[in-house]
Amino acid sequence: MWQCTRAEDGRLNFEAARPRIIKRAIIGARACDIAALYIQDKHFLQSQYRDPYYATRRQGLVIIAVNCSHPAATCFCASTGDGPGATYGYDLALSELD
């Protein structure tokens, strides 16, 4: 979050470290995973105290969703009301075939 260097006179100089955009992909995200990311996005991106480091990581993220073909009644998406297919928050969606 910051870097510190010592000047020749012994004083410490603090500078904010600039976050870098690193391209990453999440492959196989389910609707419940994307719902969890949405909650984090609301907290870290849309709140009064926006997190620039989280924002930078999200900026370089590609999400490939996989829709569930056989969800169980005990799955997480059943309890949260999302799924079994992803409806938002992804870049590409795949569907399982029997």
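Tutor: Before we start, a quick definition: the radius of gyration here is taken over C-alpha atoms, and the globule rule is 2.2 Å times the number of residues to the power 0.38. Keep in mind that we're looking at a predicted model.

Student: Okay, what radius of gyration does the chain have, next to that of a compact globule of 98 residues?

Tutor: Start with the rule: a compact globule of 98 residues would come out near 13 Å. The box filled by the C-alpha atoms, along the principal axes, is roughly 70 × 25 × 20 Å. The chain itself has a radius of gyration of 19 Å.

Student: Which pattern of helices and strands does the chain follow along the sequence?

Tutor: Let's count the pieces before we order them. There are three helices and five strands. Read along the sequence, they give β-β-β-α-α-β-α-β.

Student: How much of the chain counts as buried?

Tutor: To count as buried, a residue needs under 20% relative accessible area. Apply that to the 98 residues of the chain, and the buried share is 21%.

Student: Is cysteine 32 buried or exposed?

Tutor: Check its number against the cut-off: buried means under 20% relative accessible area. Cysteine 32 has 19%, so cysteine 32 is buried.

Student: How many disulfides does the structure hold?

Tutor: A disulfide needs a pair of cysteine sulfur atoms within 2.5 Å. Going by that cut-off, the number of disulfides in the structure is zero.

Student: What distance separates the C-alpha atoms of proline 52 and proline 19?

Tutor: Proline 52 belongs to helix α2, residues 52-59, and is partly exposed, with a relative accessible area of 43%. Along the chain, proline 52 and proline 19 are 33 residues apart.

Student: What share of the contacts with a separation of 6 or more comes from residues 24 or more positions apart?

Tutor: A contact here means heavy atoms within 4.5 Å. Take those in the chain with a separation of 6 or more, and residues 24 or more positions apart account for 65%.

Notes:
Residues are numbered from 1 along each chain as its sequence is written. This is a predicted model: local features need pLDDT of at least 70, side-chain atom pairs count only at pLDDT 80 or more; totals for chains, interfaces and linings use all residues. Side-chain values use heavy atoms; hydrogens and water are left out. Helices (H or I, at least four residues) and strands (E, at least two) are DSSP runs, numbered from the N terminus. Buried means under 20% relative accessible area, exposed over 50%, partly exposed in between (1.4 Å probe, protein chains only).
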